[in-house]
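Me: I'd like to go through this structure feature by feature. Could you give me the general idea each time, then the case at hand?

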Amino acid sequence: RRQTQPIADEAINFTMSFAGEEAAKLLTGRFAPLQAQWAAVLDKLAQLQRVNAAASAQAIAEANDRKALWLALILLSVTLLGAGFAVALTRSVTRPLRAAIDLAARVAEGDLSVRIEVSGHDEAAELLNSLQTMTQQLSAMVQAVHESSDAITLASREISSGNMDLS
């Protein structure tokens, strides 16, 4: 601007004094080369901006690719952890239920000697405790019936023996 301002002022003075040809010569002779220099500098600047924009676009694309990879890895990790948690939770429920089913099946087959170790305080542990208590009570009842049966058998033998002695 410092180089062109005096030329522009001089051209304006020529124009004001109705010397248009002199103003045109001045503008084409001295102003046009400066304008060409500016155009060349602006072209270089535009080219530099295109290169910088391309480099920035490449860097952004690479950063996005890295972020997408990290996001995919995190998603995969969370999915695997969730699946592991689901398997562990399912096993923590099904194992005690399987033990309860096995205990009930053995009692149904007449095996009252079944003993099971119960650990925990959750609903499955309560179920196993209840089944264990039921098995013990049923065993005690069978024992009492057996003892009563033995007593009745003994008493009936004594009665039979007494009847034989009386006859």
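**Reading the features**

Reply: Let's start on the surface: Leu69, Trp70, Leu73, Ile74 and Val78 make up a nonpolar patch there, with about 540 Å² of accessible area together. Keep in mind that this is a predicted model.

Me: Which helix is Ile74 found in?

Reply: Ile74 belongs to helix α2, which spans residues 20-108.

Me: Now α1. How many residues does helix α1 have, and how far does it reach?

Reply: Helix α1 covers residues 4-16, so 13 residues, and its first and last C-alpha atoms are 18 Å apart; at 1.5 Å a residue, the expected span is close to that, at 18 Å.

Me: Which residues of α1 are buried?

Reply: Buried here means under 20% relative accessible area. In α1 that goes for Thr4, Ile7 and Ala11. Looking down the axis of α1, the buried residues fall within an arc of 65°, so they line one face of the helix. What they pack against is α2.

Me: And which exposed residues sit on the face of α1 turned away from the buried side?

Reply: Asn13 and Met16 are the exposed residues carried there. Just after α1 there's also a backbone detail to look at: Phe18 has a positive phi of about 60°.

Me: On to charges. How many salt bridges does the count come to?

Reply: The general idea first: side chains of opposite charge can pair when their charged atoms come close. In this model the count comes to one salt bridge. Its partners are the side chains of Asp111 and Arg106, at 2.9 Å from N to O.

Me: Are Asp111 and Arg106 buried, exposed or partly exposed?

Reply: Asp111 counts as partly exposed because its relative accessibility is 23%. Arg106 is partly exposed too, with a relative accessible area of 39%.

Me: Let's look at α3. What does Thr135 touch?

Reply: For contacts, leave out residues up to four places away in sequence; Thr135 then touches Leu103, Val107, Leu112 and Val114. Thr135 lies in helix α3, residues 123-166, and counts as buried because its relative accessibility is 0%.

Me: Where is Gln132, and what is it in contact with?

Reply: Gln132 is in helix α3 as well. With neighbours within four places in sequence left aside, Gln132 is in contact with Leu103, Val114, Arg115 and Ile116. At 8% relative accessibility, Gln132 counts as buried.

Conventions:
Residues numbered from 1 in each chain as written. Predicted model: local features only at pLDDT ≥ 70, side-chain atom pairs only at ≥ 80, totals over all residues. Heavy atoms only, no water. Patch = residues over 30% accessible without salt bridge, like charges linked within 9 Å, V, L, I, M, F, W, Y side chains within 5 Å. Areas by Shrake-Rupley, 256 points an atom, 1.4 Å probe, with all protein chains shown as cover. Salt bridge = Lys/Arg side-chain N within 4 Å of Asp/Glu carboxyl O. Helix = DSSP H or I, 4+ residues; strand = E, 2+ residues; numbered from the N terminus. Buried < 20%, exposed > 50% of the residue type's maximum accessible area, 1.4 Å probe, protein only. Arc of directions from axis to C-beta. Contact = heavy atoms within 4.5 Å.
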